[in-house]
Amino acid sequence: QRASAGLQIQHCAAAAYRPQFTASATVRSTAALLRDFSALEAAQAQIAVAKSRLQLATLQTQRAEGLYDAGQNVALATVQQAQAGAVQARAEVGGARAAFGVAQAQITADLGPALALLLQHDARLRQSLLNGRELIVDLSLPPGRTLPPAAQVRLQVPGGAHTVSARVIGPAAAASSQLQGLREVLVAPATNGLMPGLSLQASVQSAQAQAGVWLPASAVVWSGGQAVVFVATSTASHALRFTPRKVSTAWPLHGGYVQPGWAALDVVTQGAGLVLTPPPKPHALPTSGGDDD
């Protein structure tokens, strides 16, 4: 039966593998970023102008009050007018600061807290994004998936065989409404073939390797709704014994599945269906001859 079915057995050695999965990514336009930072810079300039006016109004008030207290030729109305000007200048400072806070909140709402905080302190990255040398990419994870620690993400450029490495910044402002999965913000260099509006396929790989065994898909058969492989071992009489072992298909890789924590073993990679089907039971042969024999 083994010879007729072409039964093949493969030795699967243990090795180190990095968990990985596929996600979708979208390159974001920098128009909102330009608008938000323009509003932020305008609010910063307005604060500086309001502070200068407050400083001038404060000096004018102090001068008018000093002259009035010294009995100089300064009317009380002039003092009150200077005091009102200082109050108005102080209110303008408060309004400018409020506009600055709104601009910061808008950046956080558009970019997410991680990227917004980074851009406040990283002037080089901010200028690189504004100049178009780097692009913002939204990474939408499959439902139930989370980004592994120190994850490495590569973007598949459409129409090309090369990939682009992207840097993970942190959580995005909102989850994906279509995939209903978590979303992360990435920054990638603006290379050829990568431009705003593109939808890409991304490969997410963990930086930490795990020891395990890779099983080819041809070795996996299904029995009672459970994926199994048949492990081949030699008996004392040098015969082969096939033992079913449950496997997990949660980690697909290169046309097979990685089994974390497994040690090296021999599995049936071709003809496993024959092993799964029990051999026919032997039947007694009918007697030959007549009644007299």
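**Entry 1: helices 4 and 5**

I looked up how helix 4 (residues 113-121) and helix 5 (residues 123-131) pack in this predicted model, and I found an angle of about 110° with the axes 5 Å apart. Helix 4 is therefore roughly perpendicular to helix 5, a label given to angles of 65 to 115 degrees, whereas those under 35 count as roughly parallel, those over 145 as roughly antiparallel and the rest as oblique. I noted that axes are lines fitted to C-alpha atoms, for helices over the stretch in contact, and that the angles run from 0 to 180 degrees between N-to-C directions. Helices (H or I, at least four residues) and strands (E, at least two) are DSSP runs numbered from the N terminus.

I then listed the residues in contact, meaning those with heavy atoms within 4.5 Å. Helix 4 contributes L115, L118, L119, Q120 and H121, while helix 5 contributes A123, L125, R126 and L129. By class I recorded 6 nonpolar, 2 polar and 1 charged residues. Here Ala, Val, Leu, Ile, Met, Phe, Trp, Tyr, Cys and Pro count as nonpolar, Asp, Glu, Lys and Arg as charged, and the others, Gly among them, as polar.

**Entry 2: on the records used**

I number residues from 1 along each chain as its sequence is written. Because this is a predicted model, I note that local features need pLDDT of at least 70, that side-chain atom pairs count only at pLDDT 80 or more, that totals for chains, interfaces and linings use all residues, and that side-chain values use heavy atoms, with hydrogens and water left out.

**Entry 3: the chain and its cores**

I counted 6 helices and 15 strands in the chain. Of its 293 residues, 32% are buried; buried means under 20% relative accessible area, exposed over 50%, and partly exposed in between (1.4 Å probe, protein chains only). Among the contacts with a separation of 6 or more, 73% join residues 24 or more positions apart.

Next I searched for nonpolar cores, each a set of buried Ala, Val, Leu, Ile, Met, Phe, Trp, Tyr and Cys residues joined through side-chain atoms within 4.5 Å. The largest has 26 residues, and L33, L111, L115, L119, L129 and I136 have the most contacts inside it. Helix 2 (31-69), helix 3 (76-111), helix 4, helix 5 and strand 7 (183-189) each give two or more residues to this core. A second, separate core has 21 residues, including L135, V153, A166 and L194.

I also traced the contacts of I136, leaving aside neighbours within four places in sequence. I136 touches T26, V27, R28, L33, L111, L115, L129, V185 and L186.

**Entry 4: salt bridges**

How many salt bridges does the whole structure hold? My search gave 3, each with a side-chain nitrogen of Lys or Arg within 4 Å of a carboxyl oxygen of Asp or Glu.

- D138 and R28 meet at 2.8 Å, N to O. D138 lies in strand 4 (residues 134-140) and R28 in the loop between strand 3 (20-27) and helix 2, 110 residues apart. I found both D138 and R28 buried.
- R53 and E92 meet at 3.5 Å, N to O. R53 belongs to helix 2 and E92 to helix 3, 39 residues apart. R53 is partly exposed at 46% relative accessibility, and E92 is partly exposed at 28%.
- E134 pairs with R124, their closest N and O atoms being 3.6 Å apart. E134 is in strand 4 and R124 in helix 5, so the pair ties together parts that are 10 residues apart in sequence. E134 is buried, with a relative accessible area of 14%.

I looked up A211 in strand 9 (residues 210-216). Is A211 buried or exposed? A211 counts as exposed because its relative accessibility is 57%. A211 and A14 are 197 residues apart in sequence, yet their C-alpha atoms are 6.7 Å apart. Beyond neighbours within four places, A211 contacts A15, A16, P260 and G261.

I found L198 in the loop between strand 7 and strand 8 (199-205). L198 is partly exposed at 23% relative accessible area. Not counting residues up to four places away, L198 touches A25, T26, V27, P158 and G193.

Lastly, I checked backbone angles. Most residues other than glycine have a negative phi. H254 is not a glycine, but its phi is positive, at about 50°. H254 sits in the loop between strand 13 (252-253) and strand 14 (256-260), and it is exposed at 70% relative accessible area.
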